[in-house]
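Here's a quick tour of two interfaces in a multi-chain model. Have a look at the structure, then read on for the numbers.

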There are 4 protein chains.
Amino acid sequence: MGRMEPIKSLFEHALDTVRPVDSGETAQYIPELAVADPDPLAMAVTGPRGVVIGGGDDERTFTIQSISKPFVLALAMTRLGREEVLRRVGVEPSGEPFNAISLEPETGRPANPLVNAGAIATTALVPTEPDRDRVILDVLSSFAGRMLEVDEDVYRSESATGDRNRALAYLLRSHGVIGPDVTGIVESYFRQCSVLVTVRDLAVMAGTLAFGGRNPVTGQQVVSEHVARDVVSIMSSCGMYDFSGEWLLRVGLPAKSGVSGGIVAVVPAQFGVAVFSPRLDPRGNSTRGIQLLEMLSTEFGMHVFDLHDGSARPEIAVTRAPGEIAVRLDGELGFGGAEHVLATLDRIAETAAAGESIVLDASELSRANPSAMKAVLHALAALGDRGRLLS
Amino acid sequence: MGRMEPIKSLFEHALDTVRPVDSGETAQYIPELAVADPDPLAMAVTGPRGVVIGGGDDERTFTIQSISKPFVLALAMTRLGREEVLRRVGVEPSGEPFNAISLEPETGRPANPLVNAGAIATTALVPTEPDRDRVILDVLSSFAGRMLEVDEDVYRSESATGDRNRALAYLLRSHGVIGPDVTGIVESYFRQCSVLVTVRDLAVMAGTLAFGGRNPVTGQQVVSEHVARDVVSIMSSCGMYDFSGEWLLRVGLPAKSGVSGGIVAVVPAQFGVAVFSPRLDPRGNSTRGIQLLEMLSTEFGMHVFDLHDGSARPEIAVTRAPGEIAVRLDGELGFGGAEHVLATLDRIAETAAAGESIVLDASELSRANPSAMKAVLHALAALGDRGRLLS
Amino acid sequence: MGRMEPIKSLFEHALDTVRPVDSGETAQYIPELAVADPDPLAMAVTGPRGVVIGGGDDERTFTIQSISKPFVLALAMTRLGREEVLRRVGVEPSGEPFNAISLEPETGRPANPLVNAGAIATTALVPTEPDRDRVILDVLSSFAGRMLEVDEDVYRSESATGDRNRALAYLLRSHGVIGPDVTGIVESYFRQCSVLVTVRDLAVMAGTLAFGGRNPVTGQQVVSEHVARDVVSIMSSCGMYDFSGEWLLRVGLPAKSGVSGGIVAVVPAQFGVAVFSPRLDPRGNSTRGIQLLEMLSTEFGMHVFDLHDGSARPEIAVTRAPGEIAVRLDGELGFGGAEHVLATLDRIAETAAAGESIVLDASELSRANPSAMKAVLHALAALGDRGRLLS
Amino acid sequence: MGRMEPIKSLFEHALDTVRPVDSGETAQYIPELAVADPDPLAMAVTGPRGVVIGGGDDERTFTIQSISKPFVLALAMTRLGREEVLRRVGVEPSGEPFNAISLEPETGRPANPLVNAGAIATTALVPTEPDRDRVILDVLSSFAGRMLEVDEDVYRSESATGDRNRALAYLLRSHGVIGPDVTGIVESYFRQCSVLVTVRDLAVMAGTLAFGGRNPVTGQQVVSEHVARDVVSIMSSCGMYDFSGEWLLRVGLPAKSGVSGGIVAVVPAQFGVAVFSPRLDPRGNSTRGIQLLEMLSTEFGMHVFDLHDGSARPEIAVTRAPGEIAVRLDGELGFGGAEHVLATLDRIAETAAAGESIVLDASELSRANPSAMKAVLHALAALGDRGRLLS
């Protein structure tokens, strides 16, 4: 993984840029979250081949909170099919706070599965055999690629202060949207929110959505490509609450944030991304997390409506002359293509004879993502005297 | 253009499928639209090289109505920059009807530029030198690639019945969002809605957004790539009013509809698409237009969150043996790649000697879009005895 | 009570007028109410001296439902004082349905104590010593002047289907408006709604509010004059939900309806009125009940903003000449004054010698309520040959 | 009018109590009002016999603003009848600000005639023959009992900044609630708001509503008793915007405020009341005006749901013994009855012989309004040695 160093160093640079920001505060309405350490900062990215590159406090655990919602939605859609889920939950942005007490006038459907009311309605669709909590924990674990656990203290804290969610659940019950076991459903929802993850886990979970439901680390097809696309579509319109339109304009990534400070973002077919920083802005999104994702989207060209192919790999032609190995790049270099170029350089450097110099010819690139180019040059520089650029 | 026949015939098939649908009625609130012929049906698509393929009543003119909104937005963003426009208009879906009388409580901003209030605020940002109406007509014409005209009868009808829009304009004025020339602004807005277009014009206009602001027919860079991406992002969140979330889920195409029965849709980097059929559903969208676009998205794999690259072209290797030309496709065939394969087949057929047969080898395709494959086979079949498939 | 016959016959006439109306249906959302007999029809009025005049099915019992709300409000105001109650519940009409899930954004206060959310918050203010249910039943009984009971079947039915009210209660709890015993509070509320009353009971309860908190039958001062005035004021602005403004315009009586078909109305200082008929209009008010009260208000001049004093009693001068007793009325005769005139006529008729005729001289009345006059003439006619009018 | 001195001195005392309050500021959104002198303070009351008692700056003129609304409503109801007016304007409190842009979804009716939208719809109902402005000015003048005038500067200021009202008018037009002469209607509305009045004028106008449509000063029956009752009912539910319920609870007087600092209140059958002080609270009501009316209502027992008859006059028995005139009060003394007692004392004092003392016997009063008693004692004290109380 030495060849990932250039990308890792780009990440560290991004983390350093936002680290001094200390505005916002941790979520106050759940006692266990209110007293959380506000300072950790982390990010992680997973590419198509399952390599996870992390930075900062990427081993720190925290509770998943609302980020669980799209994944439990994927579970419900797998079990019941899209149309059956849509009979109980809408897919329109609500224009209201995440915990709004409002349902569609005639159907009683919550606005979408990513606000609390809709998430509770989604949890209610999870099979209770053998045990609803078990089924949810298993699927979240499959998305993450390792067995996850519930933080029992946070769970108890959520349950002790969760009267607004109970109100939502009884309201759903009164419209017949959920079954009679209101208490059981709400407690399952609190447990689902209390699952412990790291930002690396979240990157893998996001990656599983980005790569059509297939976990890029374990190779397991967790949900179908169709379900993954549906979930990504819904994250795109509703994932950032009443900031969703501006988010899509500025950042252009389907995403979902949680009140403990995490955010996941999906770059379809390219990356799963996750960030973590507990201080929240007034909308309830991680302040530094938002800034990191905006920076990543801009620098690495990840906006879904960018015309340039972020995963573009140039053609690489290697020619050997005495004392010199020439590596010529031709075509387009997207950010997602950097990994491929770095791997090639790495391999050549390992096999080069002593004294052989390596010349990189980028003059024929029709277009190069600046961050990708920076990573490639960084790798070249690491070769010391042996590396040289022709441009 | 003979080689486009297979695609054209796919379009005709789609048109035939929806033609019998006669539910819905023409817009009733503008007298000139209420009496319009409800029966025309048309569609058109523009690819990256500016070929426009149309079907049905694709030469019929109608007024552009709300479809003008994203294009005038592009004009305003070009003149003032994104942030300046956002100071006056939001970018969140409103969760309300297109003609809702509601502005952001504190700023007085309309919810987004694609509802009437936001569109009027956008029109007010157009320079009045030499003449606001002229500037708008010119930019719409640049998007369409030909000089457009206003239907003066429809304009007068709109103006005579436009009191709700006048109410919106005075409300905007009372918040200082627009300048004092309220009457002039509203009349410009009515004129902009009354510009005459065909479905072919709309396909080129949508294509100009799809290809980064560059008109694929005239080659003119009408707006910057950045502005085009912003407009496409906003169409994606707000283009289909309070149906936008479900539209993104099911169809997955940034789009905008108009009350005269047109809809434009953007397949980024691949196509501009337009449909036309005047009968509207209760939400005010063209009934058959919606069905056509859903069909196109599904059959041609155009959903923006589809993982497969819709524009994927296979590598084509042509080898000649005595009496036989072998055309081998390798890699992935997206719908957008079909045009390239058809062009190749076309060229080979023209240059083939008499008696030479043409063998298409698709056995090495890793993935093929079904509609693309259908078009290719259709072209092969048109060669009669000379064509043969190896699969 | 024979002298009340004329008034009783006016009531029977009013009941006969509305009896044929059969539009509307019984409340469907509580199973026990849905199957109630829809046909009973009754009314009752209580005057200042505690005489209850009833008509129709005035001995039939039904559950009090929302009519309990103003009386439990009176209890809470008595215990805590007006300001303390207002800290938890507003007094503005909500402009929303009675079971709306909406609280004041910052305080979490329900709009007013006569919608469900506000009534639950009010019930929560009742002391739990010795037992909340007991305290409520005792005060409702004091208002009615007899010991009331709960219908246990209806209570169980309400509890079994009361999830929307549970949602409201948990929402109130989440804002700290009610204490932690959410389940206990909601069950008390269901029991309070299930108390059995007759229309005669309701007339006495309304009368207790009309006469400054003093039960006109038992003479008990149930609540203070100040509390009674407050409750009547709140009924006036909020008692008929989003029909309150039109109700005050047309009928002009502070009132409160219940879903089982009862309505109470207060004519300050004059009458307590109650009607009962289970079929409800789309707003949830008794169809025939509304019609009866409109008729009473108009015919008997009960509108609170009528300038004429509804309780005006004329001066009565009785002079005896041989064979003739002259009864002269001077001044104003309001509807509330009829009882006094009737009592006088009754007494004179009883003490008149055989053969003595009774001459009523109404020529000096400056103003006479038509219904009051009708009742007086009816009483005179009952005297047969002995009675005569001089006008 | 010397005998009114005691009441006048009570008023001066009330004015002195609130005079030091200087919170709030003048209305800022109309330039001419923003620069108004914020300091004037005045009140006036008119009784049934047309005596106007004023205090403070009661000769100062200011523009009537929204206080014109109930009077133009009375005009419209007179011309068209209640039901015809109700077809175009509702009578429910809106739960929204006075200048809210919202109409009933299906009918397009404004919530009520006392919010701006409803007032414009009402002004549109005024006949245009000979001239709408003339008709309105005439009726306002009839209510006031003298010829009123428009402040042309304020009118121009309102018109120059009235775009929100223009928005409302075009919205009403778009629903067909008002006719096509939108500009004319709005200008008439601005003129109606710019009529100059004193607080004494307003007291007479309120008095005309209080006494069944009959101007107590001129004796003219300006509108029918029925229309006056309807207007008072609507003021009662909607007159104080989203403070109406609490106002009815605390003050209990149908009222209407204006943005220039005036408020009128109606004590049915007893008084017309008006106050004036330009500094407004955040709801847009005169800060000191509200306090004055609360004080008047409480001290003088004017709450409409007070059981005691505010206009109650005791029976007065005058007996003369040598050197002493005994005045015995028997029954109830309401605030409205004070004037009668004072007049009697006045007359006796004038006709008393030198050396004769006047003994007031209040020992038989069953109830006395404290302020009324204070006024009576004040008058007695003014007699010096000659006056004496027996209680």
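Twelve residue pairs are in polar contact between chain B and chain A, both partners at pLDDT 80 or more. Keep in mind that this is a predicted model. The largest share is from α11(B), with eight residues. Sorted by class, that side of chain B has 16 nonpolar, eight polar and ten charged residues.

Charge pairing turns up here too: four salt bridges are found between chain B and chain A. One of them joins Glu83(B) to Arg250(A), at 2.9 Å from N to O.

Now for chain D. Between chain B and chain D, zero residue pairs in polar contact are found (both at pLDDT 80 or more), though there are two salt bridges. Asp163(B) makes one with Arg173(D), where the closest N and O atoms are 3.9 Å apart. The side of chain B that touches chain D has four nonpolar, two polar and four charged residues.

Here are the buried areas:

| Interface | Buried area | Share on carbon and sulfur atoms |
|---|---|---|
| chain B and chain A | about 2,800 Å² | 60% |
| chain B and chain D | about 930 Å² | 71% |

As for contacts, 34 residues of chain B meet 34 of chain A, while ten of chain B meet ten of chain D.

Key:
Residues numbered from 1 in each chain as written. Chains lettered and ligands numbered in written order. Predicted model: local features only at pLDDT ≥ 70, side-chain atom pairs only at ≥ 80, totals over all residues. Heavy atoms only, no water. Contact = heavy atoms within 4.5 Å. Buried area = accessible area lost by both parts, 1.4 Å probe. Salt bridge = Lys/Arg side-chain N within 4 Å of Asp/Glu carboxyl O. Polar contact = N/O pair within 3.5 Å; in protein donor to acceptor, adjacent residues only side chain to side chain. Nonpolar A, V, L, I, M, F, W, Y, C, P; charged D, E, K, R; others polar. Helix = DSSP H or I, 4+ residues; strand = E, 2+ residues; numbered from the N terminus.
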